[in-house]
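Work through the exercises below with the model open in a viewer. Each task is followed by a solution in steps.

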Amino acid sequence: MWLPWIEFAVVLTVVALLTVPMGQWLARCFTSEHHTLLERVTYSALGVNPQERMGWQRYGAALVLSNAVMMLLGYLILRLQGWLPLNPLELAAQAPHLAFNTAASFITNTNWQSYGGESSLSNATQMAGITYLMFAGATTGVAVGAGFVRGLARSSSQDVGNYWVDFVRVFWRVLLP
């Protein structure tokens with residue numbers, strides 16, 4: 001009877017103890033001027049200047065653009081599933097409305113499913129589509145949170161950082177490890 005309460009107390013204690021170190025680590029992640037080799041390669045592949053500073057309008061436009069591209073990519077993967085490799089069960093593509101709903105739900109991190117994932121999605125679709133959208137959606141959320149906090153801290157400045165730098169850092173430094 002007491003076991004669930006003990007488990008709850010242990011988890012709560014661990015989370016409370018990790019709050020300050022995790023906050024400090026995230027702060028260093030978002031304020032560091034150093035870019036790792038992997039980050040620099042990613043910036044080059046995306047055609048991004050990591051030194052560029054963005055106002056909130058440009059930051060928001062970059063956010064919308066990245067989510068639109070990720071949404072389109074997810075939709076295309078779901079619609080082309082029947083022709084993609086790693087489909088040993090030869091599963092057909094999702095219907096247009098279901099592919100749109102699935103891509104939208106995973107890019108927004110609601111992760112709502114109107115299908116049986118294992119019985120209607122191929123291995124490639126689950127790996128390259130769904131898993132990628134789950135990571136990318138979470139990455140977007142953390143990056144925008146950093147931009148929001150930066151905007152509050154720099155209320156007299158027009159600079160809220162660089163969305164692409166925030167996105168790449170969250171992806172490579174926070175979520176992927």
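Predicted model: local features only at pLDDT ≥ 70, side-chain atom pairs only at ≥ 80, totals over all residues.

**Exercise 1. Overall fold**

Solution: 

**Exercise 2. Helix 1 and helix 7**

Task: Describe how helix 1 and helix 7 cross, and classify the residues of their contact.

Solution: 
- Step 1. Two packed helices are described by the angle between their axes and the distance between the axes.
- Step 2. The axes of helix 1 (residues 3-31) and helix 7 come within 10 Å, with a crossing angle of roughly 135°.
- Step 3. Helix 1 and helix 7 are therefore oblique to each other, since angles count as roughly antiparallel when over 145 degrees and as roughly perpendicular from 65 to 115.
- Step 4. The crossing of helix 1 past helix 7 is right-handed.
- Step 5. Helix 1 makes the contact with Trp25, Leu26, Cys29, Phe30 and Thr31, and helix 7 with Asp166, Arg169, Val170, Arg173 and Val174.
- Step 6. These contact residues divide into six nonpolar, one polar and three charged.

**Exercise 3. Helix 3 and helix 4**

Task: Repeat the analysis for helix 3 and helix 4.

Solution: 
- Step 1. The axes of helix 3 and helix 4 (residues 96-107) come within 9 Å and cross at roughly 135°.
- Step 2. Helix 3 and helix 4 are therefore oblique to each other.
- Step 3. Their crossing is right-handed.
- Step 4. From helix 3, Asn67, Met70, Met71, Gly74, Tyr75, Leu78 and Arg79 take part; they meet Pro96, Ala99, Phe100, Thr102, Ala103, Ala104 and Ile107 of helix 4.
- Step 5. By class, the contact of helix 3 with helix 4 has 10 nonpolar residues, three polar and one charged.

**Exercise 4. The largest pocket**

Task: Give the volume of the largest pocket, then say which elements and which classes of residue line it.

Solution: 
- Step 1. The volume of the largest pocket is about 300 Å³.
- Step 2. It is lined by 13 residues, of which Leu46, Met70, Tyr132, Trp164 and Phe167 are the closest to its centre.
- Step 3. Helix 2 (37-46), helix 3 (56-79) and helix 7 (163-175) each give two or more residues to the lining.
- Step 4. Helix 7 gives the most, with five residues.
- Step 5. The lining residues divide into 11 nonpolar, two polar and no charged.

Definitions and conventions. Residues numbered from 1 in each chain as written. Heavy atoms only, no water. 1 Å grid on protein atoms, 1.4 Å probe; cavity = no way out; pocket = protein on both sides within 12 Å on 5 of 7 lines; lining within 4 Å. Points joined across faces, edges and corners; volume = space filled by probe spheres on them. Helix = DSSP H or I, 4+ residues; strand = E, 2+ residues; numbered from the N terminus. Nonpolar A, V, L, I, M, F, W, Y, C, P; charged D, E, K, R; others polar. Axes fitted to C-alpha atoms, helices over the stretch in contact; angles between N-to-C directions. Parallel < 35°, antiparallel > 145°, perpendicular 65-115°, else oblique. Left-handed = near helix turned anticlockwise from the far one by under 90°. Contact = heavy atoms within 4.5 Å.
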